[in-house]
Amino acid sequence: MNNKLFALSCIVLLLLGTAFGLDQEGKSDQEKKIAELIGNLGTRYWEKAADRLVIIGEAAVDPLIKILNVGSGRPSENANLILARIGTPKAMDAVIGALKNLTFDFRVRAYAAMALGDTGSKKFVVPLIEVLQTDSHWWVRNFAVGSLGKIGSERVVEPIIGALNDDNPYVRRAAVSILGELKPDKAILPLIRSFQDEDWQIRLQAPDILLEFGNKIQEPLLDALKVDNKWAKVGAAHVLGRKGSADAVFPLISMLEDQDRMVRDEAAVALSRINFKGAASPILDLLKHSTSYVREEAAWVLGEMRSKDAVSSLIQALDDGDMGWMAAVSLGKIGDELAIEPLKKKMTDQDSQVGRAAAWALARMKSNLKKHQMQGVASSLCFSQ
């Protein structure tokens with residue numbers, strides 16, 4: 001009996017020992033696997049390795065933190081992204097620590113900012129705002145703006161508006177873009193002020209962003225037309241023209257007399273887009289303006305508006321030595337038959353600018369006439385069948 005009990009005890013102990021050994025061997029294999037996967041974080045296979053590490057989860061956190069704390073290099077950068085995907089408190093504390101650690105390479109800090117944004121959690125707004133306002137490297141601030149935009153709470157609006165004054169144009173561009181996505185009312189005036197930014201890309205970007213804000217931008221834009229800055233006027237005219245704002249017509253007409261050609265041109269383009277019927281009469285008056293470039297801008301706008309009311313005045317303007325050529329171009333665009341004979345007379349002088357413009361205008365009118373005739377024949381054939 002005692003011998004049987006002894007033998008049974010030995011078997012149990014043997015089984016327990018085997019199980020313990022297998023468990024230890026399993027842990028060792030997992031550690032080796034984690035080390036192998038982390039070894040791939042600096043290679044082109046890092047994304048596959050990242051997916052596997054996320055599946056492993058908590059057991060991978062400490063080894064990932066160890067590689068993160070190296071503070072530089074691709075593995076450290078990517079460790080941020082994996083830890084944020086694992087998302088345990090310990091993992092997230094490590095990412096926030098990397099974000100704030102100024103001894104780390106700026107790329108590692110930037111990836112930490114990106115990782116926090118990828119979570120979409122409002123819990124990380126405060127540390128992101130802090131680095132946006134304090135980090136010395138524009139790359140980190142740029143990523144912080146993007147991440148705040150991804151999170152997108154009301155709390156992020158003021159800091160992103162503040163980033164419109166950042167020293168670096170890339171950060172300011174990111175702020176303009178994010179404000180365009182969030183569309184907060186309080187960003188309208190700051191974005192209009194961005195029309196005056198020293199960076200040309202922002203001067204182009206901000207007006208297009210504002211187009212998405214609806215009718216509430218009209219009054220501030222009309223005020224911007226009065227600002228003593230050419231870029232403010234150009235940006236405001238661009239948006240008002242694209243929106244077809246009838247209220248902007250007369251301020252834009254007055255801008256045709258501006259000394260800066262860029263302002264005049266943008267006002268002219270805006271007026272041609274609005275094409276408000278009541279605009280033709282005051283623009284016609286500008287054909288008699290004492291300054292030649294004002295007369296030229298007026299003639300161009302009338303042509304773009306295809307204003308039949310302007311035909312007689314433009315025919316008279318063909319004799320204007322400074323801008324008669326523009327009058328001819330506009331008559332060609334309008335296409336009224338009354339202009340044919342006057343244009344033929346001017347076409348006789350092919351060596352002059354007005355002569356060449358008259359020839360172009362007549363060719364255009366002829367081409368349009370043929371097009372209309374062909375359309376008429378096609379329409380008749382359709383009805384006859």
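**Ground rules.** The model is predicted, so I took local features only at pLDDT of at least 70 and side-chain atom pairs only at pLDDT 80 or more, while totals for chains, interfaces and linings use all residues. Residues are numbered from 1 along each chain as its sequence is written, and side-chain values use heavy atoms, with hydrogens and water left out.

**Entry 1, helix 6.** I took helices as DSSP runs (H or I, at least four residues), numbered from the N terminus. Helix 6 has 14 residues, which at 1.5 Å a residue should span 20 Å. I found its end C-alpha atoms 21 Å apart, which agrees. The expected span here is 1.5 Å times one less than the number of residues.

I then looked up the two ends. At the start, a side-chain oxygen of D105 comes within 2.9 Å of the backbone nitrogen of R107. After the helix comes G120, with a positive phi near 70°.

Next I listed the buried residues (under 20% relative accessible area, with exposed over 50% and partly exposed in between; 1.4 Å probe, protein chains only). In helix 6 they are V108, R109, A110, Y111, A112, A113, A115, L116 and G117. They pack against helix 3 (61-68), helix 4 (74-86), helix 5 (89-100), helix 7 (125-134) and helix 8. I counted a contact when heavy atoms lie within 4.5 Å.

I searched the whole structure and got four aromatic pairs. Rings of Phe, Tyr and Trp (its six-membered ring) pair if their centres lie within 6.5 Å; planes under 30 degrees apart are stacked, over 60 edge-to-face, and the rest tilted.

One of the pairs is F106 with W139, edge-to-face, at 5.7 Å centre to centre and 85° between the planes. F106 lies in helix 6 and W139 in helix 8 (residues 138-151), so this pair ties together parts 33 residues apart in sequence. F106 is partly exposed, at 25% relative accessibility.

I also noted W138 with Y170, which are stacked at 5.0 Å centre to centre, with 25° between the planes. W138 belongs to helix 8 and Y170 to helix 10, so the pair ties together parts 32 residues apart. Both count as partly exposed, W138 at 27% and Y170 at 43%.

Ring pairs also join F106, Y111, W139 and F143 into a cluster.

My criterion was NZ of Lys or CZ of Arg within 6 Å of the ring centre and within 35 degrees of the ring normal. The charged end of R173 sits over the ring of Y170, 4.7 Å from its centre. R264 lies over the face of Y293, at 3.6 Å from the ring centre.

Most residues other than glycine have a negative phi. K183, not a glycine, has a positive phi of about 55°. I located K183 in the loop between helix 10 (169-182) and helix 11 (188-193), and at 34% relative accessibility K183 is partly exposed. R306 also has a positive phi of about 55°. R306 is in the loop between helix 18 (292-304) and helix 19 (311-317), partly exposed at 37%.

Is L191 buried or exposed? I found L191 buried, at 0% relative accessible area. L191 is in helix 11. Leaving out residues up to four places away in sequence, L191 touches L164, V176, L179, A206, I209, L210 and F213.

Methods. Helices (H or I, at least four residues) and strands (E, at least two) are DSSP runs, numbered from the N terminus. A polar contact is a pair of N or O atoms within 3.5 Å; within protein, one must be able to donate a hydrogen and the other to accept it, and residues adjacent in sequence count only if both atoms are side-chain atoms.
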